[in-house]
Structures are given as structure tokens and as C-alpha cells.
Amino acid sequence: MTRCTTTIPFHNLIFMDDITNLRDIEERWQKFLKHVRREAQQADLAAGKITDEDLVPSYNLLDEIDRRRIKRRSVRLLERAHSKTGMYHLSEKHRARLTPLRGGLPVAKITTEHEADEIAAALHAEMPWMAPATEEVWHGLRASAREGLPGVRFNPLVLVGSPGVGKSFWARRLAHHLNVPTTKIEATGEPAAFSIVGLQKGWGSASPGKLVQTVLRDRHAGPLVIVDEVEKADEVRSNKGSRHTLTDALLPLLERMTAREWQCPFFQIQMDMSWVNFVLTANSRKGLPEPFQSRSVVLDLPDLTPEHLRHFAIAEGTRRGLPGPALAALVDVFDCGAISNARLSLRTVSRMLDRAETLAHRPMLN
């Protein structure tokens with residue numbers, strides 16, 4: 001699905017290719033100095049101070065001393081220009097990695113409130129039990145269109161609900177309808193603070209975080225970041241005793257004012273992350289850091305019912321293009337009561353769909 005986009009500056013860098021090279025600077029200054037001396041000769045000739053025989057040919061207006069002086073000043077000027085690029089501290093390899101940022105980056109734009117209504121309606125049709133989350137995003141999309149914002153913006157969400165209700169799946173479908181890239185952080189399976197923002201140089205495993213990697217890979221300034229099981233994230237301590245938590249890493253990104261001037265720990269350059277949107281998931285409010293609750297909209301989601309799962313199976317099976325007989329057989333599983341309340345999970349239905357899809361496309365044997 002294609003959406004309108006707006007290109008934003010995203011950074012304050014000046015790329016080396018946009019800077020005049022040393023030879024061009026030298027040639028420009030040599031030409032200027034020749035012009036000044038030629039004009040001075042003509043003025044002296046007109047004033048009768050010199051004769052035609054005293055005129056110095058153009059190729060002799062500069063001597064070797066002039067050329068050395070011009071070269072020294074050109075080098076100093078070029079060094080000052082390079083120091084203002086914002087990348088003077090980076091190696092050639094790391095400068096090359098930032099090439100996708102040249103010229104700015106696009107963000108998805110909602111042009112009308114009607115377009116926001118269509119997105120919300122499509123998302124609600126797929127997962128009606130996620131109505132509280134869909135409604136919150138819907139208001140944000142309408143406000144983005146109404147205010148004429150260059151990109152999509154809605155309040156950070158914390159979705160609280162039982163495992164398997166489709167919190168992460170809903171977020172991925174939202175990204176699909178907005179036509180923005182996603183990156184997912186497993187708060188329990190990795191040092192989440194480092195994973196999302198990266199590690200500064202000096203650490204053995206220094207690298208840019210998943211957020212910056214996604215921006216560079218997809219060349220998009222407004223991805224959707226999904227952080228799973230945020231209430232279970234652990235803190236990390238370095239050998240020197242410094243403490244790093246997911247809360248410390250995320251808070252500057254959740255605040256739009258600070259996100260606009262966010263500093264990448266790895267590249268050590270300023271990036272505009274104010275168009276990045278966040279969906280955090282949690283199984284319960286217990287252990288959920290208070291700073292997240294105060295800066296996000298926390299939504300308690302209902303448990304799934306057999307009817308919800310049946311609806312999802314039909315919608316997802318249709319989206320995957322399952323043949324009619326395969327889809328009818330899958331629906332029969334729900335209609336005959338084979339799915340009990342103790343086994344309600346979107347993951348279970350997704351596996352059933354995967355199996356049905358495999359069987360439907362299995363080659364016929366003679």
C-alpha cells in the first residue's frame with residue numbers, strides 16, 4: 001500500500017561530495033589573484049605609470065611563492081569545511097554507512113482525515129478486539145492530517161494483555177497499513193537498551209542500534225518500533241559499574257522534543273527521531289516502569305474469545321489467499337467447538353493457517 005511521503009532534513013550533516021575539492025579552490029583563488037593583478041596593471045597603464053612594454057603576461061602574473069601561499073590557505077579552508085560536516089570524527093567506512101541520509105529521508109504522511117478513517121477501518125476489520133489500540137491510533141492519524149504535519153504521529157502505546165492476543169501482530173499490521181518499516185526489540189531476550197539505541201565506540205561490541213539500522217536500511221525516518229514484554233526488561237551493568245536500562249534508552253525517544261535532537265551513541269551525530277512511533281507490549285502492568293506509563297497511553301486489552309479467533313482465521317486466511325475448501329475446513333474447527341477457552345491464542349490459529357496453507361499448496365501425487 002503506497003502512502004504520500006514528505007522528505008525531512010533528518011540530520012545536520014554535510015557530505016564530503018558537497019564540499020569543493022582542493023584543486024577547485026586553488027584554481028579559483030589563482031584565477032581571482034590573476035584578475036586583480038591584471039586590473040591593477042590596466043589601471044597603472046591608464047594612469048601613465050607604466051607603458052605597454054611594462055605589462056606582465058598573464059602566465060607570469062603568479063609566481064611559485066604565490067602558488068604555495070594559495071595552496072596553504074586552500075588546505076586550511078578545506079580542513080575547516082570538513083570539520084563542520086558533522087562527520088569529521090568518523091572513519092571513511094562509517095561515513096559511507098551514513099550515505100543513505102544524504103538529501104534527507106521520507107516520512108509517511110496522512111493527507112486527509114478520510115484517509116485516516118480508512119486505515120483505522122481496515123485495521124479494525126482485521127482485529128476488532130484490538131479496538132482500544134486502533135481507536136487511539138485513529139485519533140493520532142486524524143490529528144496528523146488535520147494539523148498538516150509532514151509525517152504520521154500518535155502517542156506512544158503500551159498494550160497490556162495476555163500472551164497470544166495479537167499485540168505485536170496488530171502493530172505489524174498497523175505498520176503495513178501506514179506503509180512504514182518496523183523493527184522489533186525483545187526486551188527479555190537481549191540487552192534491550194543497547195539493542196535499540198546501540199553502543200558507543202570503545203565497547204567491544206560497539207554498533208549502531210536497531211533503530212538506526214532500520215532507518216539506514218529502509219531509508220525512512222519514521223519506522224514503527226515494537227518493544228515486546230517491556231515490563232520484563234533487565235538492567236545492564238558494565239565492568240566499571242555504570243548502569244544501563246531500557247527506560248534510560250527509550251525516554252529521550254518517547255519525548256518528541258528530545259527525540260528531535262537525539263544523539264546516536266555509535267555515530268555520535270544528531271538525528272531527528274521525532275517521527276518514529278512506538279508500540280510497547282506487556283503481559284501485565286506489574287513491573288511496568290512508571291516513566292513509560294506517564295509518557296505513553298497504557299491500554300488494557302480484553303482476552304480473546306472463540307468468535308475473535310474465528311474472525312481472525314477468516315480474515316487472515318482470505319488475506320493469504322487460502323482456497324475456499326481449505327478456509328471452510330478451518331472455519332469448521334471453530335463451528336464444531338473444537339477450540340476451547342483454555343487454548344485461545346492467536347499463535348495457535350496462525351500455526352493452523354500455516355499448516356492449511358502448506359497442505360493447500362502441496363503438489364498432487366500421481
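In this predicted model, residues 24 or more positions apart account for 77% of the contacts in the protein chain with a separation of 6 or more. The chain has 14 helices and 13 strands. Of its 366 residues, 43% count as buried.

The largest nonpolar core has 48 residues. Those with the most contacts inside it are L98, L101, V227, L250, F267, M271 and M273. Which elements give two or more residues to this core? They are the strands β2 (105–109), β3 (157–160), β7 (224–228) and β12 (277–282), together with the helices α7 (192–197), α8 (210–218) and α9 (246–254). The largest share, six residues, comes from α9. A second, separate core has 42 residues, including L123, A171, L299 and F312.

Helix α9 can be looked at residue by residue. The buried residues in α9 are L246, T247, A249, L250, L251, L253 and L254. Because seven of the nine residues of α9 are buried, this helix is largely enclosed by the rest of the structure. L250 in α9 is also among the residues with the most contacts inside the largest core.

**F267 and R97**

F267 is another of the residues with the most contacts inside the largest core. Leaving aside neighbours within four places in sequence, F267 is in contact with H89, L90, H94, R97, L98, P208, V212 and L216. One of these partners, L98, is itself listed with F267 among the residues with the most contacts in the core.

R97 has its place in helix α3, which covers residues 92–97. With a relative accessible area of 34%, R97 is partly exposed. Not counting residues up to four places away in sequence, R97 touches P208, L216, F266 and F267. R97 and Q213 are 116 residues apart in sequence, and their C-alpha atoms are 9.8 Å apart in space.

A133 lies in helix α5, residues 131–146. Is A133 buried or exposed? A133 is buried, with a relative accessible area of 0%. Residues up to four places away in sequence aside, A133 touches L157, L159, W170 and L299. One of these, L299, is included in the second core. The C-alpha atoms of A133 and V158 are separated by 9.1 Å, and the two residues are 25 residues apart along the chain.

E126 lies in helix α4, which covers residues 113–126. E126 is buried, with a relative accessible area of 16%; the cut-off for buried is under 20%. The side chains of E126 and R173 are joined by a polar contact of 2.8 Å. Apart from neighbours within four places in sequence, E126 is in contact with R173, H177, H311 and A315.

**The pairing of α12 and α13**

How do helix α12 and helix α13 pack, and at what angle? Helix α12 (residues 306–320) and helix α13 (residues 324–335) pack at an angle of about 175 degrees, with their axes 10 Å apart. Angles over 145 degrees count as roughly antiparallel, and α12 and α13 are therefore roughly antiparallel to each other.

On the α12 side, the residues that meet α13 are P306, L309, R310, A313, I314, G317 and T318. On the α13 side they are L327, L330, V331, F334 and D335. The residues of this contact divide into eight nonpolar, two polar and two charged.

Most residues other than glycine have a negative phi. E229 has a positive phi although it is not a glycine, and Q268 has a positive phi although it is not a glycine. E229 is found in the loop between β7 and β8 (236–237). Q268 is found in the loop between β10 (262–263) and β11 (270–271). The table gives values for each.

| Residue | Phi | Relative accessible area |
|---|---|---|
| E229 | about 50 degrees | 21%, partly exposed |
| Q268 | about 55 degrees | 40%, partly exposed |

Technical notes: Residues are numbered from 1 along each chain as its sequence is written. This is a predicted model: local features need pLDDT of at least 70, side-chain atom pairs count only at pLDDT 80 or more; totals for chains, interfaces and linings use all residues. Side-chain values use heavy atoms; hydrogens and water are left out. A nonpolar core is a set of buried Ala, Val, Leu, Ile, Met, Phe, Trp, Tyr and Cys residues joined through side-chain atoms within 4.5 Å. Buried means under 20% relative accessible area, exposed over 50%, partly exposed in between (1.4 Å probe, protein chains only). Helices (H or I, at least four residues) and strands (E, at least two) are DSSP runs, numbered from the N terminus. Contact means heavy atoms within 4.5 Å. Axes are lines fitted to C-alpha atoms, for helices over the stretch in contact, and angles run from 0 to 180 degrees between N-to-C directions. Angles under 35 degrees count as roughly parallel, over 145 as roughly antiparallel, 65 to 115 as roughly perpendicular and the rest as oblique. Ala, Val, Leu, Ile, Met, Phe, Trp, Tyr, Cys and Pro count as nonpolar, Asp, Glu, Lys and Arg as charged, and the others, Gly among them, as polar. A polar contact is a pair of N or O atoms within 3.5 Å; within protein, one must be able to donate a hydrogen and the other to accept it, and residues adjacent in sequence count only if both atoms are side-chain atoms.
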